[in-house]
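Good morning, colleagues. Please take a moment to look at the sequence and the structure on the screen.

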Amino acid sequence: MEPPKRSRTATRARLLAGALEVFAERGFAGASVEDICDQAGFTRGAFYSNFGSKDELVLALFQATTDRLLEQIEALLPDLATQPGTLLDAVLGLLDEAIGDQRQWHLISTEFTLHALRNPEAARALNEQRAMFRASLTRLVEEISAASDVTFSVPPELFVRLIIALHEGARSQSLLEPTKVPAGSLEHAFLPIVLDAVSQPSH
């Protein structure tokens, strides 16, 4: 018999996966708890034993993305001293790997951001999640900078905010016009210019 904790973890995972599909298809506002349960193969009781609301479930999706990013950074950090690589390639690569399906995630994150702009409680919770995500990337930037003997003229967190802002805006354009704006093209064209402007060798 499957242990209760493992069963609960599996139930949460299936509800989160089901929610991703439903939100991408019907939107955050248009998706009901019943829709999510039907997609995941569970009852409303199973949903509410894991999440208090749709907001809480979406925030759990953001948390899962942050957790994946943390795992990837922890795996990468031991090699930085001997193989620092390029800062931008590392950060942009991790952003894409942590998110997974770009279109699906863009739809969900954009809709929930709009929801948070109208709902102060959702905004506070989303800001907390995004702060954790930025903190993880900022740590990576600082570690790579130290390994590469590079210093910034601006706080690394501000540079990370700019990377995320450009990445999210560029993703929207590449999803709408994939032939004119291939994924990653704007970031790789302009972020090196910005990086050169705000950083310099330590010695």
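Let me begin with the interface: about 1,400 Å² is buried between domain 1 and domain 2, and carbon and sulfur atoms give 72% of that area. Buried area here is the accessible area (1.4 Å probe) that two parts lose on being put together, summed over both.

Before going further, a word on the basis. This is a predicted model, in which local features need pLDDT of at least 70 and side-chain atom pairs count only at pLDDT 80 or more, while totals for chains, interfaces and linings use all residues. Residues are numbered from 1 along each chain as its sequence is written, and side-chain values use heavy atoms, with hydrogens and water left out.

The two domains are domain 1 (1-52) and domain 2 (54-201), with bounds that come from an automatic or database domain assignment. Their centres, taken over C-alpha atoms, are 27 Å apart. Domain 1 brings 18 residues to the contact and domain 2 brings 14 residues, where contact means heavy atoms within 4.5 Å. On the domain 1 side, Leu-20, Phe-23 and Phe-28 lose the most area to domain 2, and together they account for 45% of what that side buries. How many salt bridges does the rule find across this interface? The count is 0, a salt bridge being a side-chain nitrogen of Lys or Arg within 4 Å of a carboxyl oxygen of Asp or Glu.

As to the overall build, the protein chain has 9 helices and 2 strands. These are DSSP runs numbered from the N terminus, helices being H or I with at least four residues and strands E with at least two. The C-alpha atoms fill a box of roughly 60 × 40 × 35 Å along the principal axes.

On a 1 Å grid over the protein atoms alone, a cavity is a set of points where a 1.4 Å probe fits but cannot get out; a pocket is an open set with protein on both sides within 12 Å along at least five of seven lines; and lining residues have an atom within 4 Å of a point. Grid points are joined across faces, edges and corners, and a volume is the space filled by probe spheres set on the points.

There is 1 cavity of 30 Å³ or more. The largest cavity holds about 210 Å³ of space. Its lining comprises 15 residues, with Phe-62, Trp-105, Arg-130, Phe-133 and Glu-168 nearest the centre. Two or more lining residues come from each of α4 (54-76), α5 (87-99), α6 (102-118), α7 (120-148) and α8 (156-176).

The largest pocket has a volume of about 190 Å³. It is lined by 17 residues, and Asp-96, His-167, Ala-183, Gly-184 and Glu-187 are the closest to its centre. The largest share of this lining, 5 residues, is supplied by α8.

Which domains supply at least three residues each to its lining? Both domain 1 and domain 2 do. Among the lining residues are Leu-16, Leu-20, Leu-61, Arg-68 and Trp-105, and α1 (4-26), α4 and α6 each give two or more. By class the lining has 8 nonpolar, 2 polar and 2 charged residues; Ala, Val, Leu, Ile, Met, Phe, Trp, Tyr, Cys and Pro count as nonpolar, Asp, Glu, Lys and Arg as charged, and the others, Gly among them, as polar.
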